[in-house]
Amino acid sequence: MHGRPRKAPKPEDEAASAAKAQKLRALQTQFFSYHHNKIYTKEAVELSAKLLEINPESYTAWNYRKLAVEHHLSQPECDPDSAKSILDDELRVVESALRQNFKSYGAWHHRKWVISKGHSSIDNELRLLDKFQKADSRNFHAWNYRRFVAESMNRSEQDELKYTEDMIYTNFSNYSAWHNRSVLLSTLLEKKAEGFLSKEKVLPEEYEFIHQAIFTDPDDQSGWFYHLWLLDQTVKADSPLLISSWPAHGSDVQLVDRCHNDSAFSPFTTLHSDSGSFPVVLYFNQPVEGVSSSTVTVESEFNKSEDLVWNPLSVSNSQAAKVWVTHLKFPTSELHCPVEVSVGHSKGITSTRGFQYSFSSVFSFKVHVQPTKKDSSQGSVAESILWREENFKAYGTQSEESIPILSFDQLSIRNDPEPTVSDWRVEALSKEIECFRELLSLMDCKIGKLTLARLLMAYDSMSLSCTNKLDHSDEVLELYSDLMKLDPSHHQCYKDGHSLVLLKQVTSSRESLLKYCSKYTDSVPLTICSPICLRLNNLSLSRVGAFEKLLWVQMLDLSHNELQSIEGLEALQLLSSLSLRNNKLRSFTALDPLRKLKSLRVLDISYNHIGEHSIDTTRYLCASPLSHLVGSEWNKDETVIGDVALINYWDAFLIFKELNLKQLDIMGSAIADEKFKSVLVKIMPTLKQLDGERLG
């Protein structure tokens, strides 16, 4: 533990361990007899104490003692003095156990339970903690218990902050002390206590404090973790903000009931809907709750705001999400109508940390409904997208179409009053960047490079709203590339960071994003209205992001990357065609965000790693039909399709049963045998084409 080498046991130590084990087994046999028969005599309780002295990790023994205490306290003859004596005995047993192992979860929990009874003096607890924290100043059990004791004593956060500071000066490498400091400062700033009214005063002083630890021992990670917390506090806005939407502010949306090649329609803003509705998407800078018809007003000629239902786009079924969606119904007759959306005009939208949405945000767009005459001769046209290189032609930057991505000011929501980046935040980040450039000029420090990369991106993110430019993205990409070589054990972490920065760079400007836009030139299916494809293929991406700038995308090529997850993709509510071909997706549970994409018609997940692993741990980390999260969705009658038991394919069933796919490609994956394909056909009656073959 913590870099302390293990010593080989001596023969006499092994003999002592064997004797201890024999004694423990004898005690356990007698103890379980008492426990099962609910015997709480003095002899039985004393035997449990002997057991805990040998093995403080015996949770059953601690729970038995709780039952024994409750039994004795409930007796008619038990007076306050007797109750105090019983609980004081418990405290002595706990202290004895902690001297054997002062990291015993059960012992610390039992002591907290005893003190919570209210019959024992709490004054001695801090003195006891001082003894244990001198023995091991990094014992997080003791620090957790200290927070409980300080709160019970109404001890001030300022006094505890001073104690934490003293412990840090004693040993800079004290993770628990740094963590406790972050907890205390968060509380003081939230309360706006005297001397802690604003981050502007507190955080710059904390940066100076942490520099002492980092520059004293750059190889120790405890100070770096605290610095990461400070950076998060510096850049994170307390109040949630609406940062993007679809339709974009000032855009013209063409709604048609049937797509066709017509130059009068912009491929970027034309949307096909066979349901008679289209989505309105709100994208916040952090997860929020409370988005409803009472907190969001939609004014249009064809919808009443109070009739709209807003749903969070969260794969965890949480009621808090960064992205929320509703659907506006539109008439079948020709229509030209403005729509205005007002967010936050009344209180109710809150972040998961309890901060209110405090800015009134308004965006507007125009809706053009254009009915078309249906040609019965076109009814047999196949729903087919061929993801071949020759079928895509670079869209080019020469286009002057009025489209969402060409006007980046339309992608940003205007808030009233408009929040501005505080000068102290920019100044603090600038000082930190200068400081760590100096450190890296003196030594080659991996975590120093990682911190510099985070600082540079935080600085660019703050200035992006003003300049639409990432000044340091190339440098950050180079830092992550260096880290992947220097520290291969954390390669995936750096790879994810590199991918997210690259996508921010791609989406940072009109010119940059258009370089990745191509026009699909082959025959376009009648329900695919946007032949413009955002091609983010062959970029070695291991993660996807920057979704707030991609809400307009209807056709997306993420093929030939290194994706193991598509988390966040559920925000792209217009997405109708998606290629995930040749990635590293290991299971169907990794495709969970697709369940939220109701417009998806074409999907290519061929040549991934699905089904290669006999034991896929992600199946057990994600929702299953046995989980309370999705239990309500599992129809107990849907256990067998044909002669195939669905329990063998429950994850695939839960993903695909909610999709209305017309075209699916799954070849090249280990699971794609004929039996599984037959299951897919029965799960999705809308499917017309599977692995390039037309279905009857």
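This note sets out numbered points on a predicted model of a protein.

1. Overall make-up. The protein contains 20 helices and 22 strands. Of its 696 residues, 51% are buried. Where contacts join residues at least 6 apart in sequence, 69% of them join residues at least 24 apart. The points below give individual examples of buried residues and of contacts across the sequence.

2. The nonpolar cores. The largest nonpolar core has 144 residues, and Phe278, Phe588 and Phe656 are the residues with the most contacts inside it. Helix 14, which spans residues 446-467, gives the most to this core, with eight residues. Another core lies apart from it and has 37 residues, including Leu27, Leu87, Leu98 and Ala142.

3. The surroundings of Phe588. Leaving aside residues up to four places away in sequence, Phe588 touches Ile605, Ile610, Asp651, Ala652, Ile655, Phe656, Ile666, Ile671 and Phe676. One of these partners, Phe656, is itself named with Phe588 among the residues with the most contacts inside the largest core.

4. Aromatic pairs. A pair of aromatic rings is described by the distance of the centres and the angle of the planes. Across the whole structure, a search finds 24 aromatic pairs. In one of them, the ring centres of Tyr169 and Phe209 are 5.5 Å apart and the planes stand at 65 degrees; the pair is therefore edge-to-face, since an angle over 60 degrees counts as such. This pair links distant parts of the chain, with Tyr169 in helix 8 (residues 157-170) and Phe209 in helix 10 (residues 199-216), 40 residues apart. Tyr169 is partly exposed, at a relative accessible area of 43%, whereas Phe209 is buried, at 6%.

5. A second pair, with a tilted arrangement. Phe278 and Phe330 also form an aromatic pair, with 6.4 Å from centre to centre and 40 degrees between the planes, and this pair is tilted. Phe278 belongs to strand 4 (residues 277-289), while Phe330 lies in the loop between strand 7 (321-329) and strand 8 (335-343); the two are 52 residues apart. Phe278 is buried, with a relative accessibility of 0%. Phe330 also counts as buried, at 13%.

6. A cluster of rings and two charges over rings. Ring pairs join Tyr169, Phe172, Trp178, Phe209, Tyr226 and Trp229 into a cluster. Elsewhere in the list of ring features, Arg146 lies over the face of Tyr163, at 3.5 Å from the ring centre. Arg535 is placed over the face of Phe392, at 4.2 Å from the ring centre.

7. Strands of a sheet pair through backbone hydrogen bonds, either parallel or antiparallel. In this model, nine strands form an open sheet in the order 11-13-14-15-16-17-20-21-22, and the pairing is mixed. Strand 11 (392-394) and strand 22 (693-694) stand at the edges; each has a single partner strand, so one side of each is left without a neighbour in the sheet. Strand 15 (residues 555-557) and strand 16 (residues 577-579) run parallel and are joined by three bridges. Asp557 has Ser579, in strand 16, as its bridge partner.

8. Gln286, a buried polar residue. Which strand holds Gln286? Gln286 is found in strand 4. With a relative accessibility of 10%, Gln286 is buried, because the limit for that class is under 20%. The side chain of Gln286 reaches the backbone oxygen of Ala237 at 3.2 Å. Apart from residues up to four places away in sequence, Gln286 touches Ala237, Asp238, Ser239, Pro240, Ala321, Lys322, Ser351 and Arg353.

9. Leu308, a residue in a loop. Leu308 is placed in the loop between strand 5 (296-299) and strand 6 (311-312). Is Leu308 buried or exposed? Leu308 is buried, at a relative accessible area of 7%. When residues up to four places away in sequence are not counted, Leu308 touches Ser293, Val298, Asn303, Thr326, His327 and Leu328. The C-alpha atoms of Leu308 and Ser294 are separated by 9.9 Å, and these residues are 14 apart along the chain.

10. Lys201 in helix 10. Lys201 has its place in helix 10, the helix that also holds Phe209. Lys201 is partly exposed, with a relative accessible area of 47%. Lys201 and Trp424 are 223 residues apart along the chain, and their C-alpha atoms are separated by 9.1 Å.

How values were computed:
Residues are numbered from 1 along each chain as its sequence is written. This is a predicted model: local features need pLDDT of at least 70, side-chain atom pairs count only at pLDDT 80 or more; totals for chains, interfaces and linings use all residues. Side-chain values use heavy atoms; hydrogens and water are left out. Rings of Phe, Tyr and Trp (its six-membered ring) pair if their centres lie within 6.5 Å; planes under 30 degrees apart count as stacked, over 60 as edge-to-face and the rest as tilted. Helices (H or I, at least four residues) and strands (E, at least two) are DSSP runs, numbered from the N terminus. Buried means under 20% relative accessible area, exposed over 50%, partly exposed in between (1.4 Å probe, protein chains only). A charge sits over a ring if NZ of Lys or CZ of Arg is within 6 Å of the ring centre and within 35 degrees of the ring normal. Two strands pair if DSSP finds at least two bridges between them. A polar contact is a pair of N or O atoms within 3.5 Å; within protein, one must be able to donate a hydrogen and the other to accept it, and residues adjacent in sequence count only if both atoms are side-chain atoms. Contact means heavy atoms within 4.5 Å. A nonpolar core is a set of buried Ala, Val, Leu, Ile, Met, Phe, Trp, Tyr and Cys residues joined through side-chain atoms within 4.5 Å.
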